Amino acid sequence: MSQDAQRRASDLLEGVPVPMLAVDGKARTIGANRAAVALFGGGDLLNRPFVTILRHPAVVAAVDWVLEPDRHPAPTPDPSLPVPTDGVAILNAVIVADGRDIAAEITVARLPSPLGRGATIAVLDRSETEEAEQMRRDFVANVSHELKTPLTAMIGFIETLRGPARDDAKARDRFLDIMEREAARMNRLVSDLLSLSRVQAEERRRPSAQVDLPLLLRGVLATMDNAARAAGITVETDGLAGSQRVPGDPDQLVQVFQNLIENALKYGASGGYLGVSLRRIDHEPLLRGPAWAVEIRDRGEGIEGMHLPRLTERFYRVDTHRSRAQGGTGLGLAIVKHIVNRHRGRLRIDSTRGKGSTFTVILPESASRG
Ligand SMILES: Nc1ncnc2c1ncn2[C@@H]1O[C@H](COP(=O)(O)OP(=O)(O)OP(=O)(O)O)[C@@H](O)[C@H]1O
Ligand SMILES: [Mg+2]
């Protein structure tokens with residue numbers, strides 16, 4: 001192929017946003033766009049047998065067929081993929097490139113005829129889409145499981161109340177109590193799910209209101225005071241006097257601190273201590289500006305390091321049984337994380353097994369940064 005045609009082939013590919021290669025009639029590369037160079041690496045993608053770049057039997061077979069349809073069998077169409085037009089092959093393949101396995105949708109088509117005999121190969125990386133799909137499936141499975149557990153219990157008790165316990169007043173009261181508790185749990189789960197989806201939906205929209213942070217924290221602490229006292233926990237505060245305004249959504253920030261303080265009271269109770277402090281950071285490097293840090297500390301059992309990175313995942317708990325027994329849904333920290341993200345802030349978790357945990361929420365002081 002002439003230099004000129006090669007240049008025209010490359011120009012054509014450059015306008016395509018996915019990695020794309022062009023080969024001549026002998027399946028040697030004559031074009032590669034920037035995305036292809038980034039994916040397959042090296043500036044020496046040209047003038048090479050195609051198979052040295054993408055060594056996947058099904059892809060090679062598809063290229064052979066597009067180049068010489070009379071001499072090679074047509075690939076079997078994949079029903080999960082769009083129906084290709086005449087002379088085009090579309091296939092799913094897991095290819096190795098960029099040092100990783102990539103689940104890709106690959107389209108092989110004839111080169112436009114003015115450019116001579118040849119083919120184009122476009123590689124659509126579907127790994128992220130597949131991952132998102134998998135996460136969605138996991139989420140639906142988790143939600144179903146979390147709802148099914150209390151539902152199964154309730155159905156069991158209804159049957160017992162209809163049958164064996166029909167005339168047993170004492171059993172009836174006890175069962176009704178349990179059913180009430182299970183129903184409350186389902187209710188909480190559904191509220192948390194709605195809350196999570198609402199926060200996620202507006203995560204890109206920054207809060208437009210202003211919040212008096214110390215005032216808000218004093219308010220949340222006041223509502224938890226009884227619970228702390230009942231659990232025999234000493235509450236220590238620092239920096240909560242006075243008034244300081246930051247951009248924020250008041251309801252959502254209440255939810256954040258309620259969640260974190262409730263966790264400290266629930267899981268850190270054995271330490272008998274809860275510390276809540278607020279301080280200003282002149283320059284928070286991650287937020288590139290002044291910020292306010294709210295620290296919630298307990299001296300309870302702490303969390304093993306291996307759990308920390310996953311703690312904010314939906315439904316992740318260190319001890320599922322215990323969290324459930326205490327009425328937890330495992331969504332608290334996921335909600336916290338999304339709200340903090342929406343505020344362009346940061347959530348930091350430090351914890352030492354046996355010593356206690358510190359959850360720090362860092363919020364930008366003004367809306368113009370971060
Ligand atoms: N202060 C803490 N000390 C020890 N473990 C904690 C602490 N805070 C959270 N955890 C662990 O992290 C897990 C996840 O917390 P998260 O708030 O997301 O869910 P939950 O408290 O179980 O349920 P929910 O918040 O919906 O009531 C908890 O189950 C617990 O194992
Ligand atoms: Mg919680």
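The largest share of the lining of the largest cavity, 3 residues, comes from helix 5 (helices, H or I, at least four residues, and strands, E, at least two, are DSSP runs numbered from the N terminus). The structure is a predicted model, in which local features need pLDDT of at least 70 and side-chain atom pairs count only at pLDDT 80 or more, while totals for chains, interfaces and linings use all residues. Residues are numbered from 1 along each chain as its sequence is written, chains are lettered from A and ligands numbered from 1 in the order in which they are written, and side-chain values use heavy atoms, with hydrogens and water left out.

The largest cavity has a volume of about 50 Å³, and the count comes to 1 cavity of 30 Å³ or more. On a 1 Å grid over the protein atoms alone, a cavity is a set of points where a 1.4 Å probe fits but cannot get out; a pocket is an open set with protein on both sides within 12 Å along at least five of seven lines; and lining residues have an atom within 4 Å of a point. Grid points are joined across faces, edges and corners, and a volume is the space filled by probe spheres set on the points. The cavity is lined by Glu146, Pro150, Arg185, Met186, Leu189, Arg317, Gly328 and Thr329. At least two lining residues come from each of helix 4 (127-162) and helix 5. Domain 2 (127-201) and domain 3 (206-370) each contribute at least three, the bounds being from an automatic or database domain assignment. By class, 3 residues of this lining are nonpolar, 2 polar and 3 charged (Ala, Val, Leu, Ile, Met, Phe, Trp, Tyr, Cys and Pro count as nonpolar, Asp, Glu, Lys and Arg as charged, and the others, Gly among them, as polar).

The largest pocket has a volume of about 810 Å³. Of its 36 lining residues, Asn263, Lys266, Tyr267, Ser323 and Leu333 are the closest to the centre. Two or more lining residues are given by each of helix 5 (169-201), helix 7 (250-267), helix 8 (320-325), helix 9 (332-342) and strand 12 (356-364). Helix 7 supplies the largest share, 7 residues. The lining divides into 9 nonpolar, 16 polar and 11 charged residues.

Helix 5 and helix 9 pack with their axes 9 Å apart, at an angle of about 20° (axes are lines fitted to C-alpha atoms, for helices over the stretch in contact, and angles run from 0 to 180 degrees between N-to-C directions). Helix 5 and helix 9 are therefore roughly parallel (angles under 35 degrees count as roughly parallel, over 145 as roughly antiparallel, 65 to 115 as roughly perpendicular and the rest as oblique).
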